[in-house]
Amino acid sequence: MLTGLTLTQARAGLTTRKFSARELAQAHLDAIGRLNTALNAYITVLPEADVLASADAADARYAAGTQGIMDGLPIGVKDLFCTKGVRTTAASKMLADFVPPYESTVTANLLNAGAVFLGKTNLDEFAMGSANINSAFGPTTNPWKRKGDEATALVPGGSSGGSSAAVAAGMALAATGTDTGGSIRQPAAYCGIVGLKPTYGRCSRWGTIAFASSLDQAGPMTRSVADAGLMLEAMAGFDAKDSTSSNRAVPEFHKAVGKSVKGLRVGIPAEYRAPGLPADVVAMWEQGIAWLKAAGCEVVDVSLPHTRYGLTTYYIIAPAECSSNLARYDGIRFGMRKDAPTLDGVYEATRAAGFGQEVRNRILMGTYVLSAGYYDAYYLKAQKVRTLIKRDFETAFETVDVLLTPTAPSAAFAQGENMDDPVQMYLNDIFTVPASMAGVPALSVPVGLNDAGLPLGLQVIGKHFDEETVLSVGGALEAAAGFTHVPSVHAGAGA
Amino acid sequence: MSLDLATTRRIAKLARIGLEEHALEATRQKLNGILGWIDQLAEVDVTGVPPMVGTETETLRQREDKVTDGNCRDALMACAPETSGPFYTVPKVVE
């Protein structure tokens, strides 16, 4: 089944010419054709002729022996990365007809490595959300169903929910995501796949539509930990066009998977044992701890005392940066425009009509915390608390190599749940936000199913620029868990 | 701190998001709920703590002062809402 392979397996099959890149691409286009109406994982599917032409070019490179590390591998691209000549919407009405004249650095790197793009995946508008319900192009549905309750549509997580659903359902071998407060890791956990948020600065932000610039980071969403390492190798690297891009060398990340984790010190942060954490999540966490002990890790209790302020700090800093970044959508130079008699009227009408409710609310919140009289009490205070959160991690990493936590406080929930109270929705990111605030790398690995048959993920958090240790530990969890479950909606089902 | 309707109206104006009166009140309630939750930050002592700007992993660098781009007028014009010959035209933005 070509749609069920890992990147690593597909690469091996292409190298030995067991199948061609064209066959691989065609299998995925067929899967998208069958499943996208039900799942809405893609906002835009590339024209078949274009996808097959890219695949043919990849086949030619394999024949010539000049293939790159992602050559011929069909992937989805979150519709937040600008792609030259291909509509890029950020899932917003504001950019419904926006066709970028340039390619983001991350997608250009992937194209240079030979990747074949299938289309642009759905997301929460401007990456703001945790359930992929804030998309102007409709929600993405999780391919997983609760056992005995197949009728209830579950969310795929967010904001990279189209990417996670596509990878889980066999509509792409892998996909790009972006993570500002958990937008790669939480949907990966909800859909039973691997998601890696690299260290801030590993991947260039140039050409990725900005939400909160001090937090946004691109990363891979894949079916295996080794795949995440492989794809990150292609995505990462210094870019002079992003002043926050790191000029450190890009290691061969995939080689970190399979390395012994014996003797590594794994911290268990006490503050993540949140009151009310569901028993299935706690049990999976305990299981993960036991697996790592069995693999030779030393498990150490640690404390990150400011954990409980991570989310509140995030919901000041991220909206503040978003209100500034999204000021550019004013209806004048590009994107949607609503006419009005005055200039302010054009701005106000355009932004009221072009942005969905969650985006409007976050812009307003950000405007408020940055406005005269409130700046010190909210924004400056949050920046100081962010220092304390980062120090918590630095202190913990003086004694441990990685931290192990659940990725999310629950499995995927139903569309329509957690809708009335925004704070309730924000709590889904309680375990992912602190690593974003500190800028450290974090990986979600699927480790098992709960009683309802839904996947649960564990998160491995590492030191700045130490993705390799994170991947080694993630690989050990993956090997112990042996997670091979696939969702009920899948390209291979019934075939 | 609780958010009143006048302040909500003012921030909507600052953000240039046109909200009708009934939407303003609904927005006020939503934001006020979030602010009530955010107020827990008041209990954190930040005396002497410097604000964190970005993630502080890289320092700003200077690039060589040379042209690295250009001759891409057609690409730049591709997103123009209207054009006039070789020019990108927009509504009057100086009142």
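**View 1. Confidence along chain B.** Chain B has an average pLDDT of 90 (pLDDT is the predictor's confidence in each residue, from 0 to 100), and 98% of its residues score at least 70. Look for helix α1 (residues 5–14) of chain B, where confidence in the chain is highest, at a mean of 96. Confidence is lowest in helix α3 (residues 73–77) of chain B, at 89. Helices here are DSSP runs (H or I, at least four residues), numbered from the N terminus. This is a predicted model, in which local features need pLDDT of at least 70, side-chain atom pairs count only at pLDDT 80 or more, and totals for chains, interfaces and linings use all residues. Residues are numbered from 1 along each chain as its sequence is written, while chains are lettered from A and ligands numbered from 1 in the order in which they are written.

**View 2. Where chain B meets chain A.** Here 39 residues of chain B are in contact with 53 residues of chain A (contact: C-beta atoms, placed from the backbone, within 7 Å). On the chain B side, α1, α2 (21–38) and α3 each give two or more residues. The largest share, seven residues, comes from α2(B).

**View 3. Two crossing helices in chain A.** The axes of helix α9 (residues 310–325) and helix α11 (residues 357–370) of chain A come within 7 Å and cross at roughly 100° (axes are lines fitted to C-alpha atoms, for helices over the stretch in contact, with angles from 0 to 180 degrees between N-to-C directions). The two helices, α9(A) and α11(A), are therefore roughly perpendicular (65 to 115 degrees). Among the residues making this contact are Ile316(A) and Pro319(A) of α9(A), and Arg362(A) and Leu370(A) of α11(A).

Definitions and conventions: Contact = placed C-beta atoms within 7 Å. Parallel < 35°, antiparallel > 145°, perpendicular 65-115°, else oblique.
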